[in-house]
Amino acid sequence: MGHAYRAVGWNRQKRIYDTTLALGVGLCIALFMALTFAANPLVTAETLLIRALAASAFVLLHVILSIGPLCRLDARFLPLLYNRRHLGVAMFVLALAHGALAFVQFHALGVISPLESLFTSDGGPGTIPFQPLGAAALALLFLMAATSHDFWLRNLTPPTWKALHMAVYVAYALVVLHVAFGFLQANTSPYLLGATATGALWLLGLHLVAAQRERTTDRAEQLARGEWVDVGELASIPDGRAKTVNVGGERVAIFRYDGKVSALSSVCRHQNGPLGEGRVVDGCVVCPWHGYQYKPHDGCSPAPFTERVPTFRVRVEGARVFVDPRPLPPGTAVEPAHVAAQAQHDERELYVGYLPQSPPRQARFTRGVVLALFAACLAAVALVALEQAPLRPGQFEFGVVREFRGVLASTPHPHLRVRRPGGGVSTYLLVAPGKHGADEFVREFDGRGVSLRGSLVHSGGSTMVELEPGSVALADVAAPAPEVVELGRVTLRGEIVDSKCHLGVMTPGERRTHRACAQLCIRGGIPPLFWVEDERGAVQRLLLVGANGEAVNERVLELVGVPLEIDGALEQHDDWLVLRADPAGYRRIQKGDS
Amino acid sequence: MNTPLRRRHAALITALALVLPIAFAAAIATRQAPAVARELAFEPRPANSPEPLPAGQGALALFRRADGPLWQTRHDATRITIAQLDGPEAPDLLAYWTPRDASGDKLPPDAVLLGPLPGGERTFARPGAGGALVLFSLAHGEIIARTALEVR
């Protein structure tokens, strides 16, 4: 039977919930961006956004997964559960934005399709690609976000819907591994490691404790199935509340109200919430999760609603209550057992989300919890922002097109030799837009004086121009002959990076998180650099070529972004250092190598 | 939740509690520190450049252009040491000495190239007495900063 789609039924509590959520997410993103920008003023907007969205989504996922077990352990957390689906959808939107930005940033504009790049670019011996883990988590989160509406809950039926939404735990595991095999590989702060591990231990511990408590309760209340089962003293059931017992493996809620006792299934039809933990309000049993109502004597929701739960026959003999454990069809009316009305009411408050006001003590508790959550989330986000590895300075003058004049050379990689006033030559590497080398645009101008237009990319004295395609034209420009100085053989430790991102198009343009992009760039013809940094932080960038000075792009792809040792011949070509070495001899440094 | 779902939930959490810590620990155990070079290809200071001025020696000047980066120079009769103190780097930055402290946006024709300034501190031999130091970005085609070089 199908159910029609109905838009979200807004009420005051949902508005407060969503406003608080939006405020929290906004604060997390703003705080992360402000702290990162303060420490790294040259960080690019894409990196800021990618990381801020990721940190906020990851923190929010922890909050979402904490709510369920917290509610099992203490019913006062139930207001957080009331609109938890909006938390989930908000977290998915953050994760989707993170994924989409990273997908475009790292995998688009290359020589292979972005999808192929996503699943193949970060490979190589001894490397576990972390981006496919994130993509798989995102796919699961999409399934859950897309089916979060009651339309799907009703059409899939609650058990199927709940089973589907348990995939959130698989998604969480994938996200943790995405972080561990990605961000934590390049950001080695022990605080980041500690925070991630603490988050996982908190969640797993909380769920295990809650599950253990459920098991213990079930075991204590486990009653054998018979014709009539003694479920205990009448006095053990507070007025307006229920006692939940486990009969033959399923929970039955026995409610006492207005001098009557009725029994019905403890499983709410909406999301299988624990009806037995609700209370009788205005003559109806109210589910503590989302406020669904059922009449206690027949298990039917009041009109116009149509939900129905199974009922059970009940009788009271003396001071004891007996239940017939055979469930009656949902909505079957059963004559309640009549007992003396109880003068003393249970004073515990019950939060009902669609009522205009929360009970006062509950409202105070909820405010305190929300403030504590805000503090915890902001502290976690601040920790990630402050403990990131410092971002290397580099600049890309995106959108600023300048004209350059010099002599063009196309081997081993296109570059422009620009005469310096007063003598000497500056060399600007040339690349094309996106993740492409400039070979096809410059080949016919090899050795000729040209003018060209493009945008600068530069860092630490190394300069590159992203060529505006079609802008190269012959010009009356000269430059001295290339000056090549042999500097002897060297053995150096460092990392192969793609020159374009490393010099400033992306921050960071190196290490584990950038590896897939670097591979794609180098595959597309961007000159590979060997980036060498010593213990003092002094840096040298060497243009990496083969033993005979040829381009080696296709031969170094699997060695990009990992620690390497290269033995080769060092030369100075004008103002660039060039390292000539056969890729067959590049040695991957293993953990523990001295 | 009903009983089968509750059991499935408990089984999933238990499996996660067993598998996730192991996988996480494996990820951390196999991560490698970045490769640190025992030495650079060669010292960044070219062989023919003079020793840097010792700290506290020479005439000190701080200078910047408009709201551009702040520079520091220390100089004596034979050497000029230049360091950038803040702000972003300019592309293809070259240091020039000019005999006169001229104003204007163009590089004077009699400017003498001292050398490139690729970040960090650099020391150059001083071509003559007095004059001015001009920092010129070749890629931008503009003067980034200038200062007169007074000798104490």
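Modeller: Start with Leu109(A), in the loop between α4 (84-107) and α5 (114-120) of chain A. These labels come from DSSP runs: a helix is H or I over at least four residues, a strand is E over at least two, and both are numbered from the N terminus. Keep in mind that this is a predicted model, where local features need pLDDT of at least 70, side-chain atom pairs count only at pLDDT 80 or more, and totals for chains, interfaces and linings use all residues. Residues are numbered from 1 along each chain as its sequence is written, chains are lettered from A and ligands numbered from 1 in the order in which they are written, and side-chain values use heavy atoms, leaving out hydrogens and water.

Look at the backbone of Leu109(A). Its phi is positive, about 65 degrees, although the residue is not a glycine. Is Leu109(A) buried or exposed? Leu109(A) counts as exposed because its relative accessibility is 59%. The cut-offs are these: buried is under 20% relative accessible area, exposed is over 50%, and partly exposed lies in between, with a 1.4 Å probe and protein chains only.

Now take Asp92(B). This residue also is not a glycine, and its phi is positive at about 45 degrees. Asp92(B) sits in the loop between β3 (79-84) and β4 (93-98) of chain B. With 6% relative accessibility, Asp92(B) counts as buried.

Other loops of chain A hold cis peptide bonds. One joins Ala303(A) to Pro304(A), with omega about 10 degrees. Pro304(A) belongs to the loop between β8 (293-294) and β9 (311-312). Another joins Thr411(A) to Pro412(A), with omega about -10 degrees. Pro412(A) is in the loop between β14 (402-409) and β15 (415-419).

Thr44(A) is in a loop too, between α1 (12-39) and α2 of chain A. Thr44(A) is buried, at 13% relative accessibility. Neighbours within four places in sequence aside, Thr44(A) is in contact (heavy atoms within 4.5 Å) with Gly504(A), Val505(A) and Thr507(A).

Next, the aromatic rings. Over all chains, the structure holds seven aromatic pairs. One of them is Phe58(A) with Tyr172(A), stacked at 6.5 Å centre to centre with 20 degrees between the planes. Phe58(A) is in helix α2 (residues 45-73) and Tyr172(A) in helix α9 (residues 167-181), so the pair links parts of the chain 114 residues apart. Both residues are buried. The rule pairs rings of Phe, Tyr and Trp (its six-membered ring) with centres within 6.5 Å; planes under 30 degrees apart are stacked, over 60 edge-to-face, and the rest tilted.

Last, the two chains together. In all, 73 residues of chain A are in contact with 50 residues of chain B. The buried area is about 5,200 Å², with 65% from carbon and sulfur atoms. That area is the accessible area (1.4 Å probe) that two parts lose on being put together, summed over both. Across this interface there are 13 residue pairs in polar contact, both at pLDDT 80 or more. On the side of chain A that touches chain B, helix α11 (residues 190-220) gives the largest share, nine residues. A polar contact is a pair of N or O atoms within 3.5 Å; within protein, one must be able to donate a hydrogen and the other to accept it, and residues adjacent in sequence count only if both atoms are side-chain atoms.
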